[in-house]
Amino acid sequence: MNEIRKFIDNISPMTNSDWEFFSSKLQEVKLKKNTPILKIGKTENYLSFITKGIIRLYIPREESDLTFGFLFDNEFVTAYDSFLTQNPSEYQIETLTETTLWKISNKDLQEVYEKTNNGNIIGRKMAENMFLLKSKRELALLSKTAEERYLDLFSERPKLLQQIPLKYIASYIGVTPQALSRIRKRIN
């Protein structure tokens, strides 16, 4: 739980009483590799903080899934659109490694927003961060080559990428596994 406190204090430090209230709402969850966190058609009711693990966001397809996001240690994970609207999710979320999460329900988060001094500031800044990540991904898909997207991903998380199956990385950068293999040969 110390990781969450450090993360939040970097956004907007909480008083000890606000932290006590917020942390009392958190639930620790340990998940095995390849465990679904949210299935398509289900409504997202939690915002979770990853203290350990790698998570994939994707749209399941018969031939090959469409991976559109990876999340790592010290990041938040949620199907944010479903979380906000309380409508069923159009994508799935699963663990790629053993994962430890601290999660808070939508109802409890709303209570934190109402009853703490800076809960709203923290929530707004987390939402802004998620928006910036989404924008960066969209711009990369529109303006960069597959090789550039791979290099960006690799430069950001070189060791962690070794734990992600290549078929998911290929899907994420928008190419076939064979094209990713050619990209990797050119780079090495």
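The model is predicted, so local features are reported only at pLDDT of at least 70 and side-chain atom pairs only at pLDDT 80 or more, while totals for chains, interfaces and linings use all residues. Residues are numbered from 1 along each chain as its sequence is written, and side-chain values use heavy atoms, with hydrogens and water left out. Helices (H or I, at least four residues) and strands (E, at least two residues) are DSSP runs, numbered from the N terminus.

Helix packing comes first. Two packed helices are described by the angle between their axes and the distance between the axes. Here the axes are lines fitted to C-alpha atoms, for helices over the stretch in contact, and angles run from 0 to 180 degrees between N-to-C directions. Helix H1 (residues 2-11) packs against H2 at about 130°, and their axes lie 12 Å apart. This makes H1 oblique to H2; angles under 35 degrees count as roughly parallel, over 145 as roughly antiparallel, 65 to 115 as roughly perpendicular, and the rest as oblique. The contact (heavy atoms within 4.5 Å) brings together Ile4, Arg5 and Ile8 of H1 with Asn16, Trp19 and Phe22 of H2. By class, it has four nonpolar, one polar and one charged residues. In this scheme Ala, Val, Leu, Ile, Met, Phe, Trp, Tyr, Cys and Pro are nonpolar, Asp, Glu, Lys and Arg are charged, and the others, Gly among them, are polar.

Helix H2 (residues 16-24) also meets helix H4 (residues 106-115): their axes come within 10 Å and cross at roughly 165°. H2 and H4 are therefore roughly antiparallel to each other. Asp18, Phe21 and Phe22 of H2 touch Glu111, Val112 and Lys115 of H4, a set that divides into three nonpolar, no polar and three charged residues.

Helix H6 (residues 146-156) and helix H9 (residues 177-187) also have axes that come within 10 Å, crossing at roughly 70°. These two helices are therefore roughly perpendicular. On the H6 side, Ala146, Glu147, Tyr150 and Leu151 meet Leu180, Ile183, Arg184, Arg186 and Ile187 of H9.

Helix H8 (residues 166-173) is largely enclosed by the rest of the structure, because six of its eight residues are buried. Buried means under 20% relative accessible area, exposed over 50%, and partly exposed in between (1.4 Å probe, protein chains only). The buried residues are Tyr168, Ile169, Ala170, Ser171, Tyr172 and Ile173. Glycine 174 follows H8 and has a positive phi, near 85°.

Attention now turns to the strands, where two strands pair if DSSP finds at least two bridges between them. An open sheet of four strands has the order E1-E8-E3-E6, with antiparallel pairing. Its edge strands, E1 (27-31) and E6 (75-77), each pair on one side only. Strand E3 (residues 46-52) and E6 share three bridges in the antiparallel sense, and isoleucine 50 stands opposite glutamate 75 in E6.

Strand E4 (residues 55-59) has four of its five residues buried, so it is largely enclosed by the rest of the structure. E4 pairs antiparallel with strand E5 (residues 66-71) over five bridges, and six residues lie between E4 and E5 in this hairpin. Isoleucine 55 has leucine 71 of E5 as its bridge partner. Four bridges also join E4 to strand E7 (residues 92-95), again antiparallel, with leucine 57 partnered by isoleucine 93 in E7.
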